Amino acid sequence: MKHILMATGALALSLAPLHAQNFDDPEEFAKQQEQLAAEPMGPADQPWLQHIGDAMVETADLGVEAPATVCFSNAGVNNPWRVVGYTNMTEEVANHESIGEFIHVDAEGSDDKQIADIDDLLAGGDCDVMIVSPNTTAALTPAVERACEAMPVIVFDRGVNTDCPVTFVHPVGGYGFGIQGAEFIADNVDEGGNVLMLRILPGVDVLETRYSAGRRILDEAGLNIVGAEFTDGDNAKTKSIVEDYLMRGEIDAVWMDAGATAVAAIEAFEDSGYEIPVFVGEDQQDFLRKWQDEGLTAIAPTYPTFQWRTAVIAAAHVIEGEAVPGPEWVLPQPAITQDNLDEYVNPAMPPLHYAMCGCEDMANYPGAWGGN
Amino acid sequence: MTERTETRGLFSRLPQINPVWVLLAALIVAIIFMNPGFVEPTGYMNFLKRAAPLAILAAGQVYVITSGGFDLSVGSLITLVVVGSSMLTNNDPTATYWVIPVMLGIGLGTGLVNGLVVCFLRVPSLIATLGMMITLNGLAFMWSGGAPRGYLPDTFRFFGRELIRDVPLVRFIPVSVIVLIVVVGLFAWLMHRTNLGRQVHAIGDNPVAARLAGVSVNRTRITAFMLSGLSGAIAGILLGGFAGVSTDVGTGYELQAITAAVLGGAQLLGGRGSVPAALGGALALTAIFTLLNFLGLPQPVRQVVQGLILIAAVALAMHRRKQTGT
Amino acid sequence: MSLAEDTPPRKTGFRFERWAPLILLGGALVIYVIVALATGQAQYLTFDNLIAILGRSIALGITAVGQTFVILVASIDLSVASLISATAVLASVVMDGSPAMIVPAVLAALVLGGVVGVTNGIVVSVLKVNPLIATLGMSLIIQGCLSAFVSNFAGEVPAAFQVFAYGEVGPFPIALLFLAGLAVLAWIVLRFTKFGSDMYAVGGNEEAARFAGIKTGRIVVLSHVICSVCAAIAGLYLASRLRSGAPWIGSDGVYDLESIAVVVIGGTVLAGGRGGIWGTMAGMLIFSLIDSVFNIAGVDSFAKQVLRGIIIVAAVAFYAIRSKRIVA
C-alpha cells in the first residue's frame with residue numbers, strides 16, 4: 001500500500017515541477033519592485049481610488065443601466081482579513097445610487113461550491129454586473145469565462161487565467177509584500193544575523209510569492225536563515241515553534257508571510273525571557289498595538305483590504321459608463337512603518353482588525369467593523 | 001514476525017503495563033537523544049504546558065468513548081470559548097472572574113445538549129456532535145461577526161500563559177501544568193474511584209444489561225457528555241491563555257483528543273477506557289509531534305506517521321485482546 | 001439488532017421509514033418554493049434552475065453513493081476527502097493536457113481508489129480496527145503522501161475530459177445523467193444481487209450473517225472498494241470541473257463528513273443494515289436545496305453554518321426518535 005502511494009507520489013513529483021506555477025519569477029519580482037516605488041495616479045488621500053499605470057478601459061458600450069443589480073460571488077469570509085474586506089464592501093455599496101441591489105453568495109472556501117454559485121447566479125440571479133473574488137485562480141477561470149459571456153465581470157484579490165473581465169483589481173502583489181518586509185530586515189540586521197521565516201501553509205499563490213521574494217532579498221543581504229516553518233496560521237503552534245527555536249539558538253529577526261500570528265510569535269520571546277528582535281508583521285491592530293507598546297523595531301507590509309471598496313467602485317463605474325483603470329487596476333500597497341504607525345493604531349478597534357482598510361471616513365465606522 | 005513474538009513476550013511478562021507508557025518512554029528517550037536540553041525544566045515544562053489542553057480534552061473524551069459514543073464538538077467548543085471570552089471580557093481585566101465560570105457553564109451546557117439529543121432524540125453521537133460542531137463554529141462567528149472584538153486580558157490569560165517561578169527542584173511551573181494535574185486528577189478519581197465511573201463503563205459495555213442492573217443509562221450518558229464539554233471549555237481557557245485571540249484555535253482538536261484516548265487504550269464503542277492512560281496518549285501524541293519537529297520533518301511526513309501510529313495502535317490493541325481473550 | 005427485528009412486522013400499510021426521505025425532500029422543496037416566492041424571486045423556479053440545483057452537488061452525490069455502501073455494512077469511511085484530492089491530482093498530472101492520456105489517467109485513478117478501498121477493508125475486517133480510526137488514519141496517510149509531492153494545482157485536464165463536468169445532452173448535464181446512472185446501478189446491486197442482500201445481512205448483524213454462511217470479511221472489503229472507487233470518480237469529476245487537481249479540493253469540500261451527513265439524512269442507519277440508495281439521493285437533493293435556499297434568502301454565512309448543523313441533527317432525529325433502541 002505504502003509503496004504504491006509512494007510510487008504514485010513519486011510520479012507526481014517527477015511531473016509536478018513541470019507544471020507547477022512559478023512562484024519565483026524574476027520578471028514579476030522586478031515589476032512589483034518597480035510598482036512599489038512608482039507614484040500612483042489619483043487622489044493620494046484615497047488610495048483605494050489610486051492606480052499604478054495609466055491604461056484605462058472604456059465601459060460606455062457595455063450597455064448596463066442604472067440602477068443595476070450587482071452580484072458578488074465571494075470565495076468566503078473565513079478569515080478576519082476577508083471579514084474586514086467584506087464589511088468595506090457592503091459599506092461602499094451604500095455609497096452608490098447606481099447599484100440598485102447587491103446580491104452576495106458565499107462559497108465558504110470551496111472551488112466546487114463557488115462554480116455552482118456562479119452558475120446559479122447566471123441561471124436566475126437577474127444580475128447586471130458580477131464581481132468575483134475567486135477562491136483559486138485556475139479552478140474559477142471557466143466559471144468566470146461563462147459569466148463574461150453574459151455580463152461585465154470584475155475580478156479582485158486573486159486573478160483568473162483569462163482577460164475577459166472588464167478589470168482585475170489587485171494591490172501590487174505578493175512579491176511586493178515579501179520585498180517590503182525583507183528589505184526592512186536587511187536594513188536593520190547586520191550581515192550574518194539569524195532570521196526565522198514563519199509561513200502559513202505551502203501552495204497558496206499569494207503566500208508563495210511573498211516567501212520567494214523575501215527569501216531572495218534575505219539571501220542577497222547575506223543573512224542566515226535559521227529556518228522556514230509552517231504555522232498553519234495557528235497561534236499556539238506559532239508560539240511553540242518559536243519557543244523551540246529559542247531553545248536552540250539566537251534569533252535576530254523574524255520574517256512572516258502573514259501577520260495573523262505575529263503577536264503569538266512576539267509572546268514566545270517575552271515568555272522565554274528574550275529581547276524582541278526585528279519583526280515583520282502585518283497591519284492587524286493587535287500587532288500594531290504591541291509594536292507601539294513595546295517600542296519594537298518592526299514593519300507591517302499590508303495587503304490592503306481597501307481593494308474590496310475598489311471592486312465596488314469599479315462596478316459602479318461600469319454601470320455609469322465611466323472608464324475604469326484596466327485590464328488590471330493595480331492599487332498601491334503601502335507598508336506601515338515607525339513613521340506612520342501612530343496614524344494606524346486605534347485601541348478602539350478589535351485586535352484582528354486590519355488597519356489598512358481605508359474605511360475610517362465611511363459612514364458606519366467604526367461600529368460596522370466591530371470597533372467601539 | 002520476530003517483532004510480533006517479541007511484543008507478545010513482553011506483554012505476557014508485563015501484562016499490567018499499558019503499552020502507551022512504553023511508547024511514551026521510548027519517545028521521550030528519543031527526544032532527549034535529539035535534544036539534550038529537554039531534561040532542563042524549560043524543556044520538559046514547555047512540553048507539559050503544550051500538552052495540557054490536549055491531555056485535558058482527552059480526559060473528558062474518555063468518558064464519552066467509554067460510554068460508547070464520540071464527542072466531535074470539543075474543537076469548535078474551544079473556538080467558541082476563546083472567541084466568546086474575548087467578546088465578554090471586552091478588554092476589562094476584572095471581567096475574568098465571571099467570564100470563566102460562564103465559559104465552564106457553556107461547556108457543561110454544550111455537553112448537556114449533546115447528551116439530551118443522543119438520549120432523547122436518539123441521534124447517534126457521531127451525528128449529534130457533528131451537528132454541534134458545525135453549529136458552535138457558526139455561533140462563534142455569529143457572536144463576533146467574523147472576528148473577535150476584544151483582547152483577552154492578562155487575568156484571563158493567567159491560566160494558559162503564566163509561570164510560577166522560584167519553585168524548588170524544577171525552578172518554575174507553568175500554571176497550565178497545575179491545571180492539568182488538578183483536572184486530570186479529578187477526572188481520574190471520578191472515573192476510577194466512584195460509582196459514576198463504574199456506570200460509565202457499564203453503559204458502554206452493555207447498555208441493556210446496565211439498565212437491567214439499575215443504572216440510569218440516560219443520566220450517566222448525559223453526565224459523560226457534560227464532562228467532555230467541561231474539558232473542552234477548560235482546554236479553551238488554557239489555549240486562549242497560551243496563544244491569545246484567534247478564530248480557528250480549536251480546529252482539529254476533536255480528532256486529536258479521540259486519537260489520544262485511543263492511544264491510551266480506550267475502546268471505541270465503549271466499555272473500556274482509562275483517564276491516566278488517555279493522559280499518556282495525549283503526552284505520547286504531543287511527544288510524536290515534538291520529535292518529528294526536532295527531526296525537521298515536514299508536515300506531510302508528520303501526517304503519515306500519525307496515521308500509521310493510529311492504525312497500528314488500535315490493530316495492536318485488538319490483537320492483544322484476541323490473545324488474552326478479553 | 002437482530003435480523004428478525006429489522007424485517008417490518010407487516011407488509012401492508014404505511015411504512016414510515018420508507019417514505020421519510022421523501023417527506024423530508026418534499027419539505028425542503030416546499031421551503032425552497034416559499035422562500036423564492038416570498039422574496040419575490042420567482043425566476044428561481046424555472047427548469048434551468050432546477051437543473052442548476054440538481055447539478056450543485058454532483059461530487060458530493062457520487063461520494064455519498066459509495067458512502068452508503070460502507071455505512072450499510074456498519075462501517076464508515078473518513079478517507080474519501082483525501083482520496084478525492086489524491087485521485088484528482090493523479091488524474092490531472094497523468095493527463096497533463098493530452099487527450100491520449102485520458103484513459104490511462106482514469107484507470108490510474110480508479111486503481112488508486114481500489115487499492116485504498118482494499119486496504120481500508122482489510123484493516124477494518126481482518127485487523128478489526130474500528131473503521132473510524134482505520135479510515136481516519138488512512139486519510140492522514142493519503143493526505144501526507146499527497147502534500148509531500150504537490151502543494152498546488154498540478155497538471156492539466158484536456159478539453160476532451162472537461163466534457164464530463166461541463167458537457168450536456170439536451171438540457172441535462174452529462175455529470176447529472178452519470179450520477180443518475182450510478183444511483184440506478186447501485187440500486188440494482190443492493191436490491192437484486194446476492195451481494196446486496198448479504199450487505200444488509202452483515203450490516204444488520206455480522207455474527208448472524210457469518211453463521212448463515214456469508215463471508216462477512218469479503219463483503220466488508222468489497223463495500224470499501226465500492227466506496228473508494230466512488231470517491232475516485234468524484235475526484236475525476238472535480239478534476240474535470242476545476243480543469244486540474246489540487247491537494248486541498250477534497251478537504252475544502254468537507255466531502256468526508258458531508259457525505260456521511262447526506263447518507264444519514266437519507267435514512268440509512270449508522271449502525272448498518274437499514275437504508276438505501278434513493279434515500280441518499282434524497283439526502284443529496286436536500287443538501288442542494290438548503291444551499292440554494294440560503295443563497296436566495298441571502299442568509300449570512302455564519303448563520304448558515306448554525307442552521308446547517310441544526311438541520312443535520314433534526315433530520316436524523318426525524319428518523320431516529322421513533323426508535324426504541326439505546327443509541328450512543
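Author: Two residues are in contact if their C-beta atoms, placed from the backbone, lie within 7 Å. This is a predicted model: local features need pLDDT of at least 70, side-chain atom pairs count only at pLDDT 80 or more, and totals for chains, interfaces and linings use all residues. Residues are numbered from 1 along each chain as its sequence is written, while chains are lettered from A and ligands numbered from 1 in the order in which they are written.

Reader: What is the radius of gyration of chain C?
Author: The C-alpha trace of chain C spans about 55 × 55 × 35 Å along its principal axes. The radius of gyration is taken over C-alpha atoms, and the globule rule is 2.2 Å times the number of residues to the power 0.38. For 328 residues the rule gives 20 Å, and chain C comes close to that, so it is as compact as a globular protein of that length. Its radius of gyration is 20 Å.

Reader: What percentage of chain C counts as buried?
Author: A residue is buried if 20 or more other C-beta atoms, placed from the backbone, lie within 10 Å of its own; it is exposed at 12 or fewer, partly exposed in between. Of the 328 residues of chain C, the buried share is 61%.

Reader: Which helix gives the largest share of the side of chain C that touches chain A?
Author: The contact takes 40 residues from chain C and 37 residues from chain A. Several helices of chain C each supply at least two residues, among them α3 (47-54), α12 (216-242) and α15 (277-297). The largest share is five residues, and it comes from α7(C).

Reader: How many residues of that side of chain C are charged?
Author: Ala, Val, Leu, Ile, Met, Phe, Trp, Tyr, Cys and Pro count as nonpolar, Asp, Glu, Lys and Arg as charged, and the others, Gly among them, as polar. The side of chain C that touches chain A has 20 nonpolar and 13 polar residues. The charged ones number seven.

Reader: How many strands does chain B have?
Author: The C-alpha atoms of chain B fill a box of roughly 60 × 55 × 40 Å along the principal axes. Of its 326 residues, 56% count as buried. Its secondary structure has 14 helices, and its strands number two.

Reader: Which elements of chain B cover the buried residues of α9(B)?
Author: Helix α9 (residues 195-205) of chain B has buried residues including Q199(B), H201(B) and I203(B). The cover includes α3 (41-66), α8 (175-193), α10 (207-212) and α11 (217-243) of chain B.

Reader: How far apart are the centres of domain 1 and domain 2 of chain A?
Author: Chain A is divided into domain 1 (47-172 + 304-333) and domain 2 (174-299), with bounds from an automatic or database domain assignment. Taken over C-alpha atoms, the centres are separated by 32 Å.

Terms used. Helices (H or I, at least four residues) and strands (E, at least two) are DSSP runs, numbered from the N terminus.
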